[in-house]
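Q: I have a protein model open and I am new to it. Could you show me how to read its features, one at a time?

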Amino acid sequence: MTLIRRRLLLVLLVLCGSAAVGLAAWQLSWSSALRLVAARAETDLTQTSERLIAQLQSYRELAVLLSDHPEVEALLRPGFAALGQTLQEVTLREAEELLQSIGDKTGALRIAVYRRDGHVTARSDLERETPLPLLWQEAAERAFQGALGLATGVDPETARRSFAFAAPVFGQRGAAPTGVLVVAVDLEAIEAEWRADPSAVFFRDMRGRVMLSNRSELVLATMGATGGAFPEYQARQAAGHDLWRIPAGGRYLPKLALHAKRELPQIGMQADVLVNVATARRMALTQTGLAALASLSLGALGLWLLARRDALRGRLLAEAAAKEVLEARVRDRTRELSQANEQLRHEVAERKDAEAQLKAAQDRLVQAGKLSALGEMSAGISHELNQPLMAIQSFSENAQLLLERGRTEVVAQNLARISELGDRMARIIRNLRAFARQENAPVRAVDPVRVINAVLEMSAARIRDSGAAIDWQPPAAPLRVMAGEVRLQQVVTNLVLNALDAMGTAGGALTIRAEEAGAEVRISVADRGPGLAHPDRIFDPFYTTKEVGPGEGMGLGLSISYGLVQSFGGNIEGHNREGGGAVFTVTLPAPGKEAAA
């Protein structure tokens with residue numbers, strides 16, 4: 001009984017020791033991982049803060065320089081009202097032309113000069129006698145005191161988030177300011193450049209309202225407010241770092257993130273960053289598990305050695321006693337010892353065989369993981385290259401018919417198109433490789449009408465076979481969207497071919513539209529097929545309603561399209577339409593004036 005208790009105590013000590021080692025390993029691993037994440041957060045915070053300050057600094061200098069401009073000072077001189085109407089009009093026109101020219105060149109949202117009574121004297125958009133907006137009054141009051149004023153908020157006229165610098169205008173040296181010059185900056189134009197940042201970054205004003213962010217769900221949210229509230233989160237300290245748990249933050253906010261912040265007194269804001277710590281947590285858990293497993297293995301080995309030592313000691317004592325009592329049974333005891341040694345050798349052989357089988361099983365698991373990853377890559381590449389190959393086959397068949405008819409000039413055109421499609425396949429492979437590495441290629445201004453025309457041209461044979469009627473009306477005004485031309489063509493091709501598959505060979509109307517919607521452009525593809533059975537699952541990988549077999553879909557088209565549209569900073573959604581059928585809508589941001597030009 002005493003031996004059993006001693007062994008139980010040793011087992012308990014081994015378990016407690018393994019738990020202690022695991023706990024210590026967790027604390028060390030978690031602290032080390034959080035330090036790395038915190039360093040990354042500080043780097044992201046520094047880069048984004050310096051980038052925003054640098055972008056706003058030019059407008060601050062513009063406000064200070066313009067406030068001393070002679071044409072601006074002339075509008076606010078005490079003797080301006082005494083001038084004749086003609087001189088007043090000339091002075092006002094020259095000042096407005098100056099403000100308008102500078103506003104167009106610098107991209108400022110608005111430049112305006114206000115008198116002390118709060119009414120406008122001149123504006124870059126040529127609107128006169130407009131009272132000073134409430135948004136800028138606090139900044140103007142500071143400017144009337146002789147200092148540079150700052151203001152952030154939603155511009156009441158354009159309904160856009162803006163940042164304003166208010167600089168005092170002095171009529172004479174040593175005198176009180178006679179007016180104020182306000183330069184407003186469009187924050188939404190600055191924000192559009194940050195969509196691809198991996199970490200969630202947002203800037204709050206003095207009231208705690210988010211004015212800029214690369215996550216649209218945080219824009220204009222206020223911490224602690226009832227309306228437009230910030231997503232609910234629970235904050236706690238871990239290894240000296242601030243961790244936020246955001247259970248309902250949406251698709252683009254991490255569930256568990258490290259939070260870092262920095263005050264920016266230069267622009268009256270506070271910069272915040274949320275960095276996902278899921279990878280760091282998994283790494284810490286893995287290291288903890290390995291440490292606990294190693295400790296438990298060492299403890300088990302020690303227990304096994306103690307047990308073997310006790311067994312051997314008992315056996316030797318029994319043999320010694322038997323030898324002293326019965327000398328005649330020496331030969332029998334020797335035979336028993338030989339059998340025991342044989343049994344030990346057999347156990348050692350079995351243990352080595354078991355270790356060899358365990359290692360073989362581990363090698364098979366590793367190989368299975370490699371084959372699984374290779375299968376996923378092959379499926380994605382096969383799907384992405386299927387459509388260009390079909391187009392090449394179609395052009396090749398047309399070339400054979402045209403050669404028989406002697407239309408060599410059209411054959412040359414088809415061969416040129418086949419070469420272009422080959423180049424396009426190479427670009428598709430590069431895009432797929434970048435997509436698999438979670439890289440975002442830079443986007444540029446793309447003509448969606450040209451993309452749609454190219455898709456319809458490549459799908460012409462497929463459209464004729466299906467008997468579908470194409471309703472495509474290009475818009476009268478030119479459109480531009482921020483995207484990658486090849487990747488956007490892949491998205492539209494997936495939607496068109498899916499619509500043709502849904503309608504089958506019975507024909508039907510396939511409607512395609514591209515239209516401007518404010519600061520965005522919407523591309524819609526609508527069919528008259530059976531509709532969507534599960535609208536909430538259409539973007540899940542490997543979800544498909546087609547039959548399983550060679551040449552059929554693998555359920556990756558819409559999933560890949562969803563990822564591509566998200567990388568453009570846009571959105572894609574699908575739903576059933578009235579009267580039967582389905583409609584998919586791709587919403588993409590439109591470029592600014594400079595990009596469009």
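Q: Which residues in helix 6 are buried?
A: Happy to start there, and please keep in mind that this is a predicted model. A residue is called buried when its relative accessible area is under 20%. In helix 6 the buried residues are Ala280, Ala284, Thr288, Ser295, Gly299, Asp310 and Glu319.

Q: How many residues does helix 6 have, and what span does it reach?
A: One way to read a helix is to set its end-to-end span beside the expected one. Helix 6 covers residues 278-325, which makes 48 residues. From first C-alpha to last it reaches 70 Å, close to the 70 Å expected at 1.5 Å a residue.

Q: Why is strand 1 described as largely enclosed by the rest of the structure?
A: Here we look at burial along a strand. Strand 1 spans residues 110-115, and five of its six residues are buried, so the rest of the structure largely encloses it.

Q: Which strands pair with strand 1?
A: In general, side chains in a regular strand alternate between the two faces of the sheet. As for partners, strand 1 pairs with strand 5 (residues 177-186) in the antiparallel sense, over six bridges. Ala112 has Val182 in strand 5 as its bridge partner. Strand 1 also runs antiparallel to strand 2 (residues 120-123), with three bridges, and there Val113 stands opposite Ala122.

Q: What should I look for in the turn of a hairpin?
A: Count the residues between the strands, then check the phi angles. The hairpin of strand 1 and strand 2 has four residues between the strands, and Gly118 takes a positive phi near 90 degrees. Another hairpin is formed by strand 8 and strand 9, with two residues between them. Ala239 in that turn has a positive phi of about 55 degrees. Five bridges join strand 8 (residues 234-238) to strand 9 (residues 241-245), and the two run antiparallel. Within this pairing, Ala235 has Trp244 as its bridge partner.

Q: Is Asp272 buried or exposed, and which side chains does it contact?
A: For a polar side chain, look at its accessible area and then at its contacts. Asp272 belongs to strand 11 (residues 269-276) and is buried, with a relative accessible area of 0%. Its side chain makes a polar contact of 3.0 Å with that of Arg204. The side chain of Gln270 also makes a polar contact with the Asp272 side chain, at 3.2 Å.

Key:
Residues numbered from 1 in each chain as written. Predicted model: local features only at pLDDT ≥ 70, side-chain atom pairs only at ≥ 80, totals over all residues. Heavy atoms only, no water. Expected span 1.5 Å × (residues − 1). Buried < 20%, exposed > 50% of the residue type's maximum accessible area, 1.4 Å probe, protein only. Pairing = 2+ DSSP bridges. Polar contact = N/O pair within 3.5 Å; in protein donor to acceptor, adjacent residues only side chain to side chain.
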